[in-house]
Amino acid sequence: MLDFDDVRAAAKRLDGAARRTPVLRSQMLDEVVGARVYLKAENHQRTGSFKFRGAYNRLSQLETDELKRGVVTISSGNHAQAVALAAKLVGTTSVVLMPIDAPDSKRKAALRYGAEIVDFDRYTEQRDGVITSYMQSSNRVYVPPYDHPDTMAGQGTAALELFVDARDLDVLIVPVSGGGLIAGCGTVAKTLRPSIHLVGVEPEAGDDTKRSLDAGRRVAVPVPRTIADGLTVNVPGELTFEVNRKLIDEVVLVSDEDIVEGMRFAFESMKTVVEPSGAASLAALLAGWVDVRGRNVGVILSGGNVGAERFAELIRE
């Protein structure tokens, strides 16, 4: 379903299209948590998040007839932007099914990249039902936000780059929504460093992956109400869960307050802006939910797509 060679192949496709994002260090952060921390800054990726990696890896492999049909996806914002830009780069058109309460900054960005947006209500309509209904009247190619081997492989290239800059990692902390990012990154981590402790981070309101791993099967929860809009999937992906159940060692939960503190620390101490979802892993580290003392720790900052007004509002509150 997914292996290390898939990620390496994705890295070749992404060469020249995706940015090689920086790995940030902070002496203050190291002192606060008692570890050596390496932050993979995917907030500096094209479209502002790791999602571009998976979207481009998938779209760059479409056949000519598929490109003519155009693509469609469903997303609260980051995957929407990624698909829109990737579609533009490979020469096709895109439609995004987007929750009506998606952040305005993400909606506007997707439109700027050329996407057509169709709204739905995430709290009254099931994601699977929304995309199924749309596909019944459309000939477009569906590009899943996470539940596809090409998407997972593309996301894993973030960890592939991280291990070049920080080879001896003992712990890798990754935010979890549908599970594509941690599936790809975990595949890389467990191949290059089999003893690594792989930690997933979910919002307290959306602990579907934790519950699913505990139960040994996919468990759905109510659609999470959290400031981390990118982590509001309420059930793990079918394919991602089969990968992640073999890779993830631990899942920890963060509150919205933890997430804001992570955003604040990144801004004040590291001069970098991360969105709520993007700050989840750093939040778990700062809150002490992961045992890292004396260890080398990799952290994925998954995105930075937050408007100035929303950022200020969250920090002020």
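Predicted model: local features only at pLDDT ≥ 70, side-chain atom pairs only at ≥ 80, totals over all residues.
Biologist: Which residues of α9 make the contact with α8, and how many charged residues does the contact have?

Modeller: From α8 come Met152, Gln155, Gly156, Ala158, Ala159, Leu160 and Phe163. From α9 come Gly180, Leu181, Ala183, Gly184, Cys185, Val188, Ala189 and Leu192. By class, the contact has 11 nonpolar residues, 4 polar ones and no charged ones.

Biologist: Which strands stand at the edges of the sheet?

Modeller: The open sheet has 6 strands with mixed pairing, in the order β1-β2-β10-β7-β8-β9. Two of them have a single partner strand each, so one side of each lacks a neighbour in the sheet; these are β1 (23-24) and β9 (250-254).

Biologist: Which residue of β2 does Val23 stand opposite?

Modeller: Strand β2 (residues 36-41) runs antiparallel to β1, and 2 bridges join them. In β2, the residue opposite Val23 is Lys40.

Biologist: Which strands does α9 touch, and what angle does its direction make with that of β7?

Modeller: Helix α9 packs on the sheet, where it touches β7 (171-175), β8 (197-203) and β10 (296-301). With the direction of β7, that of α9 makes about 165 degrees.

Note on methods:
Residues numbered from 1 in each chain as written. Heavy atoms only, no water. Contact = heavy atoms within 4.5 Å. Helix = DSSP H or I, 4+ residues; strand = E, 2+ residues; numbered from the N terminus. Nonpolar A, V, L, I, M, F, W, Y, C, P; charged D, E, K, R; others polar. Pairing = 2+ DSSP bridges. Axes fitted to C-alpha atoms, helices over the stretch in contact; angles between N-to-C directions.
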